[in-house]
Amino acid sequence: MFEKWKADFTLNFIDNDRWMMLVRGLIATLEITAVALIIGVAIGIVVAAVRSTYDKNKDEMKRRGTMSYYVLWVLNLICRIYLTVIRGTPTVVQLLIAYFIIFASSTNSLGVAMFAFGLNSGAYVAEIIRGGIMSIDVGQFEAGSSLGFHYVQTMRYVVVPQVIKNVLPALFNEFIVLIKETSVAGYIGIEDLTKMGDLIRSRTFSAFMPLLAVAGIYLVLVMGLTALDDRLERRLRKNER
Amino acid sequence: MNDDKVMIRVEHLKKYYNDHTIHAIDDVSVEIDKGEVVCIIGPSGSGKSTLLRSLNLLEMPTAGHIFVDGVDITDPKIDINLHRQKMGMVFQHFNLFPNMTVLKNMTIAPEKVLKEAKQEVDARARALLERVNLADRADAYPDQLSGGQKQRIAIVRALMMQPEIMLFDEPTSALDPEMVGEVLDVMKDLAKEGMTMAVVTHEMGFAREVAERIVFMDAGKIVEIGSPEDIFENPKSERLQDFLAKVL
């Protein structure tokens, strides 16, 4: 039994230095995830800011009849279309469209994947943050206003610090989803962790070890993210009884 | 228009909801003089909170005008944030910022809005905390305070902006009965110092003792307005008589 496992292990990981394939795959997966995460958070913050600023200020801006009302109205519409399209279509389809249609002339599939996953994640991050802003008691906004804060100051000093604390679990959940979702990058020829495991399987005709290794690596990555989330949440909880 | 004595003049204020089917405030006119304490009483749903919240435009009136120091703040061209700096507000549910310590709650607005020096603001905050007997809670977070403590902090937080008028929206309604007194005491002190105050309250004892004038509202209208004696000893309208029979 043990001998068979050892042979299996040697075949899949030691022969031809196949473990290096997993390392290269892991690096690709981490690169895509990291860049997509940054893009996603950036888009998410901007979209959430537009949507909630519009929702919270449209009446007042309309009353004042300022130009900014129309600018914000258009931006809000764009954001809503973006959210509808991204959340309404599968990630793999978006990835394929990005690679074969939008960036058809590009050979940088890694870059395309970063962009596609980032654009996708941004929609979910935006709604998480917007939900966090909406969950803040209206009294907090009123207290800010009554002290003479304008909207941006109320957001910056009062609302956003509370939002960050509230949305952290949901945000980390999205990061976890993202890291696993990059496993479809093989569709556009990227040799990410999943693809590499599958490549080993197709060369050694042995599925058990490479696929379980891949699953184990994802599990460790996610557990690391969860541990980071726990630490951050504990640190932000200092102002509670 | 610019009467030196008058702090706030409300003219024909109306606030309608739901396509004008609900009249929260229905043609209300009233004046508040400098240094005057006015209590607004009335049954729930009578529009008294809406009226108070209109005074710093937390509620946007449907029609009418509000003059503060002679300036019409309902004019869309007015920077309302500038006016709110001069009008302190205390809420029923305190609305302290849970992400900041007591001291930070008090100092953030003077620091960021009025651009005052941190040292100065800190000193002023500590002096105010001393006055409301909460000097030892400066570094506590709001979640660690009792309701009465929270409301006293909310009052001194508003005072940190050195407002010309203080608005109180049912400041003791969310408090346990044994904590009402400590908050009312702070408000009484404030009244004695000559602060202009508009107070929506269910505390009839406080209204009778502290208010110079009492406004009785019902169904969005001012039904009666007068001195505490007028209101409590000689209520003229049937609605006020009914109301007093229920609450006293």
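Two strands are taken to pair if DSSP finds at least two bridges between them. On that basis, this briefing on a predicted model describes an open sheet of four strands in chain B and selected helices of chain A, among them helix 6 (residues 138-146) and helix 9 (residues 208-236). Within the chain B sheet, Arg9(B) stands opposite Phe67(B) of strand 4.

**The sheet of chain B**

- The four strands of the open sheet in chain B follow the order 2-1-4-5, and their pairing is antiparallel.
- Strand 2 and strand 5 (71-72) of chain B are the edge strands, each of which pairs on one side only.
- Nine bridges connect strand 1 (residues 6-17) of chain B with strand 2 (residues 22-33) of chain B in the antiparallel sense; Leu13(B) has Val28(B) in strand 2 as its bridge partner.
- Ile8(B) has Val68(B) in strand 4 of chain B as its bridge partner.

**Helix 6 of chain A**

- Helix 6 of chain A is mostly covered, with eight of its nine residues buried.
- The buried residues of helix 6 include Phe141(A), Gln140(A) and Glu142(A), as well as Gly139(A), Ala143(A), Gly144(A), Ser145(A) and Ser146(A).

- A nonpolar patch on the surface has about 960 Å² of accessible area in total and is formed by Met67(A), Tyr70(A), Val71(A), Trp73(A), Val74(A), Leu75(A), Leu77(A), Ile78(A), Ile81(A) and Val85(A).
- One of these patch residues, Leu77(A), is located in helix 3 (residues 67-88) of chain A.
- Leu77(A) counts as partly exposed because its relative accessibility is 41%, and partly exposed covers values between the 20% limit for buried and the 50% limit for exposed.

**Leu232(A) in helix 9 of chain A**

- Leu232(A) belongs to helix 9 of chain A, and its relative accessibility of 29% is why it counts as partly exposed.
- Leaving aside residues up to four places away in sequence, Leu232(A) touches Leu168(A) and Phe172(A).
- A distance of 41 Å separates the C-alpha atoms of Leu232(A) and Ser202(A), which are 30 residues apart along the chain.

Note on methods: Residues numbered from 1 in each chain as written. Chains lettered and ligands numbered in written order. Predicted model: local features only at pLDDT ≥ 70, side-chain atom pairs only at ≥ 80, totals over all residues. Heavy atoms only, no water. Helix = DSSP H or I, 4+ residues; strand = E, 2+ residues; numbered from the N terminus. Buried < 20%, exposed > 50% of the residue type's maximum accessible area, 1.4 Å probe, protein only. Patch = residues over 30% accessible without salt bridge, like charges linked within 9 Å, V, L, I, M, F, W, Y side chains within 5 Å. Areas by Shrake-Rupley, 256 points an atom, 1.4 Å probe, with all protein chains shown as cover. Salt bridge = Lys/Arg side-chain N within 4 Å of Asp/Glu carboxyl O. Contact = heavy atoms within 4.5 Å.
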